[in-house]
Protein chains: 2
Amino acid sequence: MTAHKIRFLPDNKEVELESGSTILDAAEKAGVSINSLCGGNGACGKCKVQVPDGKAHADMESINYLTKDEVKEGYVLACQTKIHMDMEVIVPPEGRLEDEQILMDEPIMTYSQPEKLSVPKVPRDPLSFFEPLSQKIYLVLDEPSQTDNVSDIDRVIRGLRKKTDYQNFEASFKCLRGLAETLRISGWKVTATIARSCSIWRILQIEPGDKSDHNYGLAIDVGTTTVVAQLVNMKSGVVVGVAGSHNLQAHYGADVISRMIYACNIDSGLNTLHVSIIENINGLIKTLTEQKGINREDITAIVAAGNTTMSHLLLSLTPCSIRLDPYVPTAKIFPQINASEISIDISSNGIMETLPAVASYVGGDIVSGIISCRIADRPEIRVLIDVGTNGEIAIGNNEWLVCCSASAGPAFEGGGISSGMRATRGAVQRVKIENGRVYYETIGKAKPRGLCGSGLIDTLSALITNQYIDSDGKFRSVSKSERIIEIDGEPQFIIAYSHETETGKDLTITESDIINLIRSKAAVFAAIKSLINYVGFKFEDIHTFYVAGGFGTYLDIPNAISIGLLPDIDIKKIQFVGNSSLMGARIGLLSVHALDRAAKIAAGMTNIELSTYQPFMDEYVGAMFLPHTDRNLFPSVRC
Amino acid sequence: MTAHKIRFLPDNKEVELESGSTILDAAEKAGVSINSLCGGNGACGKCKVQVPDGKAHADMESINYLTKDEVKEGYVLACQTKIHMDMEVIVPPEGRLEDEQILMDEPIMTYSQPEKLSVPKVPRDPLSFFEPLSQKIYLVLDEPSQTDNVSDIDRVIRGLRKKTDYQNFEASFKCLRGLAETLRISGWKVTATIARSCSIWRILQIEPGDKSDHNYGLAIDVGTTTVVAQLVNMKSGVVVGVAGSHNLQAHYGADVISRMIYACNIDSGLNTLHVSIIENINGLIKTLTEQKGINREDITAIVAAGNTTMSHLLLSLTPCSIRLDPYVPTAKIFPQINASEISIDISSNGIMETLPAVASYVGGDIVSGIISCRIADRPEIRVLIDVGTNGEIAIGNNEWLVCCSASAGPAFEGGGISSGMRATRGAVQRVKIENGRVYYETIGKAKPRGLCGSGLIDTLSALITNQYIDSDGKFRSVSKSERIIEIDGEPQFIIAYSHETETGKDLTITESDIINLIRSKAAVFAAIKSLINYVGFKFEDIHTFYVAGGFGTYLDIPNAISIGLLPDIDIKKIQFVGNSSLMGARIGLLSVHALDRAAKIAAGMTNIELSTYQPFMDEYVGAMFLPHTDRNLFPSVRC
């Protein structure tokens, strides 16, 4: 086989690949991130790249995803294009993964000041006891004598009992090896690392001298799109650093469903995905430890939170039956493991907890969110919603918890929308229409290239508010605005004219786009409504409505209400909680009580399987209008 | 290649082997145990077999290990002799592994019928509940459905709860991997292997189909001199096979002290010793599984018992501080480990328990013996004694237990005695002197080569009974017998004349030998007496006096009493319990209650450190006579 040189621009990274490999293969080898929603099957059209000088041509299938101009300019789909000569490949801004917004942490307050969610120093309730999962305890032990010749490990345990409130310790096998030397070389002054395992404290390692200031933990949010890690000082509880990256698994599929298909239908697919996420995590650990000048060996514990599929892939458990009716995961409660068992680069004695899931589509990330929002700790009724391809919703208080997951479809992430895109550079993220004039705002102040979720919701809200569309999403009349045009019989609204855009073409939203968006918002609202009905309450009974995740962070809440996505409640009750999955993981890292609480939440929460729940179907049909068939549900919305 | 039939006598086992294989290969294949200390290298001369009719001839190298008569009679070394025709092979008693005194198991009753010690089918007390450490449970599970879509592992656990009385299960990380496939491929009919860990049952593995009949365990006695393994059917409790070998560590030192010195003073000494014992165990596993046609993967649990040093070496823990004042082991309670962590060749998911020790010189073998003899389960006062280089003694009942260890020296194992030897072929093991005539019996009916422990005790008893020596061990008068001679000023007694012996020299016992023996017996007796005094009882309060180990098995009890080694109690109360360490390990394998009991015994037993215990010193001085300074202690002994 002949090898060819492929140079990627603007990264200026070059790799050699065998003839017949695809450009996507080359990008993977070069470490260049290219957007690929479908996992390289030519089914999403997102991996557009430009190959100048006619060195590659789009095949007939790919042409469906490209405009004529793009074909002329040498655009091809990276996954469908084989390499037969040396070439340069330009990855256009919209095709690059790294520009997407990674939600690093913590509530971004928009409407009201959320209650303090971080772990306080003074104990307030079980979740806020500062009692880290792994602790380093410095021990100054008595030397053995004839009248006190207990075994070395018993002496260590005796020391631990004196310095802590704990009674039950268990020695790991590994900590016994070399123990006798360490104790004697150090003059009986050692630091024991202990970690909570089941209801006892396991002694993980014994180091000579006082190492109690060298103890770190990692909270990790393993998201489908992004992976974020927080490095935490386990002695003080202080967050030392945070780093995020795109989930490398995106090469093999954008959403959980395509990842599952990859894991189950491709040879060693599961292992490929597992190795990818481990690479991700090890990369973040490298970044954080190098940035902060911390020794990796001083990281002794990890708490990871992710949806059920991500948790399975993290642990190299097959997700295949999660995808298929009746949606069965291998496990919902995951055992504590040694991080080394899955090749995570922390202390060789370090442990990892994976937060438990409730069901196949309500994972540890939601349990983590419930922990961060303290829903299970207070008597008032609170709702947590996390919208992505799936919308996960939980409702409850300190006595009960119910949850569900609705398939919202990819519309809010730009999928299935003619000019939809992820929230990357050039995406329109804010839209306002006043007196026929359109105001918009793009990410990075770039020329507009497409619409991301918040932009789409704003647009929809603006179209209905300005009465350009009816409550069923249909355009009222072309004559209402010069921006309403019709192409191939399909009405559409021009948000930006060709001379304003990056692509040189009008940026529009079509009637089909609007219908897709209505379907997505209907699924989410119907899920919320079904859950509220199921527990026998009304919207006004909700004390706080938490919106988690990247979707929530850039959302305009009144607009989301006006299209009937969020219920019409006092907007002061609606709080964005940012990456609540990451936050819950950190709370678990710093308080074993929170981990216990997570286990109880996962075990005790009722999950409603909406796909077979008739009331949900009915609610869905009712929600297929803007804002809703039942206008009484949205008294504040005027149309 | 031509195949030949080899028939082994007296076992009458026949195998077919290819031309050019050795007789040792054939024996291994036939499951005939032939003594081979050097591992088949022609370096030890121990694998002598007889091939009649001139069908095999000893080569020049082998002849060094054979007498002229043996060569004439067709003796060859099995490891050096290749097969070129059909033949019969007679394995002489001394060449048979089981004839060498590796104490494979169980009480050998000599004076009285011991109570039933094996695990009974009908529960009698906590120790005899048949509740094996590892169990294979066949599960026929319901297929998941929309109304019953718990996770795969929860379904397994639900199945286990139905089929067992247990509630608390924990999935091992390894058992989750591949679980989804196994359940679906097997049509939801699987076998779960569970093992007790702390107070819960850990799910070690899930196999497709019904494998509940394929579950074996190993009880291992890790002795300083010999290693014995019993293969046990974990479903029925039946012992399937037993195999023993010499502890390969003997290459690096005969007793625990020299092993410790090797481990601590030689580079990688600890690892060398650790690897040796693992080789030993893996060799026994190979022998047993091949003999019985059992898959090694079907062995799921091991319980090992050994003295504290052997347990440390087994787990690769340094024994260095055990040897030095104040005698501190790394651990007395050892964690349950995965057998694979120390490269033991059983199921990759199999576990190993190491019975806990009481102190540096009272190990898991003694705890195991206490379990086998049920000392901690009954109200009467019982004593267990195990004599080797150290004499370990335990006394107690169901309310209290006290133990100690006395350094007896190597005399009873033939060490430090001019003509002493271990109990192998040619060792004089019985001696009687009547009317000036000496009667003796050797192992293997061979010409005498030396005196082993029991022969030495008999000799000492005979010398004092016949008044050839005084109670201080000194020869009374040379004129008393023509067999008393003096060489280089040292009096000695001829047991066998030069014409009778293998060596062609007189076999004698010298006055120094006698003094050494007196020291050894004094140490043991003083330890017993100190212990009895410590607990405030008298010898007559002892209900049963158990003598464990190889030493006890061939001992003549009245003789042992007459020299003041054992206390002068009703001999009906004295029982030999054989390899009680192995037996206790097996009881633990078959009853988790016994393991719990072992932990309680180890934690609750009082150990008296004799090296700093003044009353022991006083007792020792008093015991330096035959039978004792205080003749009232030995009323039945007439001298």
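Ile433(B) touches Val438(B), Ala462(B), Leu463(B), Asn466(B), Tyr468(B) and Phe493(B), leaving aside residues up to four places away in sequence, where contact means heavy atoms within 4.5 Å. This is a predicted model, in which local features need pLDDT of at least 70 and side-chain atom pairs count only at pLDDT 80 or more, while totals for chains, interfaces and linings use all residues. Residues are numbered from 1 along each chain as its sequence is written, chains are lettered from A and ligands numbered from 1 in the order in which they are written, and side-chain values use heavy atoms, with hydrogens and water left out.

- Ile433(B) lies in strand E19 (residues 427–434) of chain B; helices (H or I, at least four residues) and strands (E, at least two) are DSSP runs, numbered from the N terminus.
- With a relative accessibility of 7%, Ile433(B) counts as buried, a term that means under 20% relative accessible area, with exposed being over 50% and partly exposed in between (1.4 Å probe, protein chains only).
- The C-alpha atoms of Ile433(B) and Thr465(B) are separated by 8.8 Å, although the two residues are 32 residues apart along the chain.

**Contact between chain A and chain B**

- Chain A brings 40 residues to the contact and chain B brings 40 residues.
- The area buried between chain A and chain B is about 3,200 Å², with 62% of it given by carbon and sulfur atoms; buried area is the accessible area (1.4 Å probe) that two parts lose on being put together, summed over both.
- Gln146(A), Phe173(A) and Thr330(A) supply 19% of the area that chain A buries against chain B, which is more than any other three residues supply.
- Between the two chains there are 14 residue pairs in polar contact, both residues being at pLDDT 80 or more; a polar contact is a pair of N or O atoms within 3.5 Å, where within protein one must be able to donate a hydrogen and the other to accept it, and residues adjacent in sequence count only if both atoms are side-chain atoms.
- On the side of chain A that touches chain B, helix H6(A) gives the most, with four residues.

**A sheet in chain A**

- An open sheet of six strands in chain A has the order E12-E11-E10-E13-E15-E14, with mixed pairing; two strands pair if DSSP finds at least two bridges between them.
- Strand E12 (239–246) and strand E14 (337–338) of chain A stand at the edges with a single partner strand each, so one side of each has no neighbour in the sheet.
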